[in-house]
Amino acid sequence: MQDLLTLMATLRDPERGCPWDLRQDFASIAPYTVEEAYEVADAIQRESAEDLRDELGDLLFQVVFHAQMAREAGWFDFDDVARTIHDKMVRRHPHVFSDAGERTHGPAAWEAIKAEERRARQDGQADADRSVLAGVSVTLPGLTRATKLTRRAARLGFDWPAADGVLAKIREELAELEEARATGGEREQEEEYGDLLFACANLGRHLGLDPERALRTANRKFEARFRSMENELAAQGVDLHDADMTVLEAAWGRAKRRNKEE
């Protein structure tokens, strides 16, 4: 770990560092940080241990990069980052680390501790946002943020008691999207489409499913089937650009069947 920290400091050294690394700031590096986190998730979903090791290293490098820039700014350093997360995890696991022997644990206890942390941060801040929705990052992927927002609202009882209510809401939103297509403009269609996606994310929460993971799986499934269709037609000497929809649909059906058999 110390070797990695030293390497990062060398890359950012004003006299002998890398010109590209020296040009970077928090904003320019942030997209790479997000990208590396997604690549970790991808390696996990592909169940590739070797890729997971490499991608975790890439993600760790992003943390080290940000910590080095923060050290240069006089804000904090990597040790502060490690200490902060260590202390936070101890605080959020009183059932493991408390001398009082408190054994209460689970999602409700975890959320209660996080809520208390937010209240502590807000104390003394006259302009602090005290909404139950405060702190849900606007930079999260849309489906993930929708899930977090509805989970927060559910703490106050603003929720359907079961998934059936969400399914009814999805049908309602779909009908409104169809109406917007018939009578509205692009803006109205986008709004109704957003409402439909929001309701779908809420359904995932009720079912205990991660919408981002589910969508990644659907993306991979579509890609595998489409590539299989391409390969089949190419082997037959068929150019996809010239094939009519009847040929494509038949090939797609065969690709689906092959995919299910694998």
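A patch takes residues with over 30% relative accessible area and no salt bridge, joining like charges within 9 Å and nonpolar side chains (Val, Leu, Ile, Met, Phe, Trp, Tyr) within 5 Å.

**Ground rules.** I am reading a predicted model, where local features need pLDDT of at least 70, side-chain atom pairs count only at pLDDT 80 or more, and totals for chains, interfaces and linings use all residues. Residues are numbered from 1 along each chain as its sequence is written, and side-chain values use heavy atoms, with hydrogens and water left out.

**Helix α10.** I placed Glu191 in helix α10; helices here are DSSP runs (H or I, at least four residues), numbered from the N terminus. Glu191 is exposed, because its relative accessible area is 51%. My cut-offs are under 20% for buried, over 50% for exposed and partly exposed in between, with a 1.4 Å probe and protein chains only. The areas come from the Shrake-Rupley method.

Then I checked Glu192, also placed in α10 (residues 186–207). Glu192 is buried yet has no salt bridge, and Lys169, the nearest side chain of opposite charge, is 8.1 Å away. I noted its contacts (heavy atoms within 4.5 Å): leaving out residues up to four places away in sequence, Glu192 touches Glu173, Glu176, Leu177 and Ala180.

**Salt bridges.** How many salt bridges are there? I get 11, taking a side-chain nitrogen of Lys or Arg within 4 Å of a carboxyl oxygen of Asp or Glu. Side chains of opposite charge can pair when their charged atoms come close.

Lys169 and Glu173 turned up again here, as their side chains meet in a salt bridge at 3.3 Å, N to O. Both lie in helix α9, 4 residues apart, about one turn of the helix. Glu173 counts as buried at 6% relative accessibility, while Lys169 is partly exposed at 25%.

I also looked up Asp159 and Arg205, which form a salt bridge with the closest N and O atoms 2.8 Å apart. Asp159 is in the loop between α8 (142–154) and α9 (163–183) and Arg205 is in helix α10, so the pair ties together parts 46 residues apart in sequence. Asp159 is partly exposed at 29%, and Arg205 is buried at 17%.

Arg227 and Glu223 form another salt bridge, with closest N and O atoms 3.0 Å apart. They sit 4 residues apart in helix α11 (residues 211–235), so about one helical turn separates them. I have both as partly exposed, Arg227 at 46% and Glu223 at 41%.

Asp42, Arg46 and Asp51 are linked in a network of salt bridges.

Most residues other than glycine have a negative phi. Glu47 has a positive phi of about 55° although it is not a glycine. I found Glu47 in the loop between α3 (26–45) and α4, and it is exposed at 74%.

**Nonpolar patch.** Which residues make the nonpolar surface patch of about 230 Å²? Met1, Leu60 and Val63 do. Val63 lies in helix α4 (residues 49–73) and counts as partly exposed at 33% relative accessibility.

Key:
Accessible areas come from the Shrake-Rupley method with a 1.4 Å probe; for residues, only the protein chains shown count as cover. Helices (H or I, at least four residues) and strands (E, at least two) are DSSP runs, numbered from the N terminus. Lys and Arg count as positive and Asp and Glu as negative; His and the chain ends are not counted.
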